[in-house]
Amino acid sequence: QTWRLEREKLFMSELDQFKNNFVSLFSHDLKTPIAKIQAICDRLLAAQPEPVVKEGLFSLRKESQELHRYIQSILQISRLESSQFKIQREATDINALVDNVVEQLNPLITGKHQILTKELEPMFSIEIDGALIQEVILNLIENASKYTPENGEIRIRTQEVDDKVILSVQDNGPGVSKEDQDRIFEKFFRGQAHQAQTKGTGLGLFLVKYFVELHGGQVFLESQSGKGTRVGFMLPLKGLSGEGSYA
């Protein structure tokens with residue numbers, strides 16, 4: 001019986017590794033054609049095509065970008081489920097990460113004629129994994145833009161309170177119901193209202209929570225249906241406990 005349990009454990013481990021390798025390879029193979037589609041769209045749009053063609057190219061560019069984000073989320077999950085996952089900490093400016101993300105999402109925000117305000121308090125660099133926290137900020141601002149109507153408002157704020165750095169994203173979108181708030185950070189969870197309004201994998205906020213907690217921080221969400229949402233995270237200024245690894 002012990003031998004059978006050991007064999008079953010080994011088989012499940014190999015199967016899990018095979019799954020992760022397949023997902024990773026499959027996702028990587030999809031990234032190249034998507035990048036080519038986006039490059040062709042950009043080149044054709046630069047040629048100032050007719051309105052009908054321009055509208056189609058914009059739509060194709062938007063959908064390919066959405067697919068790219070799905071693939072990125074899948075790859076992130078594959079990394080988390082690998083045998084070892086470690087964060088790479090280095091001195092990082094949170095405000096610079098916000099600026100990078102806003103520049104990246106500018107086409108999405110301006111395309112919906114949204115007003116974005118940044119209230120970034122000057123602060124020293126902190127020891128974090130910049131790539132992971134930038135992914136967190138990207139998910140939060142992208143969500144705010146997705147669920148905020150045209151001509152809506154988004155406010156990004158950073159501040160230093162006691163021994164913590166706090167980043168929040170406020171929007172005036174439809175908000176999140178009380179029932180959904182309890183599960184909003186769960187893997188693959190999407191609220192009923194959000195399913196009808198926009199597409200998504202339900203992985204974005206799961207990754208936000210995971211990456212923030214990996215840094216010893218906390219996420220928060222304050223929302224009322226019809227009155228917008230304030231979501232963000234708190235990170236400790238002092239050294240983090242442990243090695244920041246996932247096994």
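Lys164 is partly exposed, with a relative accessible area of 30%; here buried means under 20%, exposed over 50% and partly exposed in between (1.4 Å probe, protein chains only). The model is predicted: local features need pLDDT of at least 70, side-chain atom pairs count only at pLDDT 80 or more, and totals for chains, interfaces and linings use all residues. Residues are numbered from 1 along each chain as its sequence is written, and side-chain values use heavy atoms, with hydrogens and water left out.

The chain averages a pLDDT of 82, and 81% of the residues score at least 70. This score is the predictor's confidence in each residue, from 0 to 100. Over residues 240–247 the pLDDT is below 50. Beyond near neighbours in sequence, that stretch has 23 contacts in the model (contact: heavy atoms within 4.5 Å).

Lys164 also forms a salt bridge with Asp163 (3.5 Å, N to O). A salt bridge is a side-chain nitrogen of Lys or Arg within 4 Å of a carboxyl oxygen of Asp or Glu. Asp163 is partly exposed at 35% relative accessibility. The count of salt bridges comes to seven. One of them joins Asp42 to Arg61, with the closest N and O atoms 2.8 Å apart. Asp42 lies in helix α1 (residues 2–46) and Arg61 in helix α2 (residues 51–80), so the pair ties together parts 19 residues apart in sequence. Helices (H or I, at least four residues) and strands (E, at least two) are DSSP runs, numbered from the N terminus.

Strand β6 spans residues 164–171; six of its eight residues are buried, so the strand is largely enclosed by the rest of the structure. Strand β5 (residues 153–161) runs antiparallel to β6, joined by eight bridges. Pairing requires at least two DSSP bridges between two strands. Gln159 stands opposite Ile166. Two residues separate the strands of this hairpin, where Asp162 takes a positive phi near 55°. β6 also pairs with β8 (residues 229–236), antiparallel, over eight bridges. There, Val169 stands opposite Val231.

Asp171 belongs to β6. Asp171 is buried yet has no salt bridge. Lys112, the nearest side chain of opposite charge, is 9.9 Å away (Lys and Arg count as positive, Asp and Glu as negative; His and the chain ends are not counted). The Asp171 side chain reaches the backbone nitrogen of Gly173 at 2.8 Å.

Helix α7 (residues 204–214) has nine of its 11 residues buried, so the helix is largely enclosed by the rest of the structure. Among them are Phe206, Tyr210 and Phe211. Just after α7, Gly216 takes a positive phi of about 80°.

Notes. A polar contact is a pair of N or O atoms within 3.5 Å; within protein, one must be able to donate a hydrogen and the other to accept it, and residues adjacent in sequence count only if both atoms are side-chain atoms.
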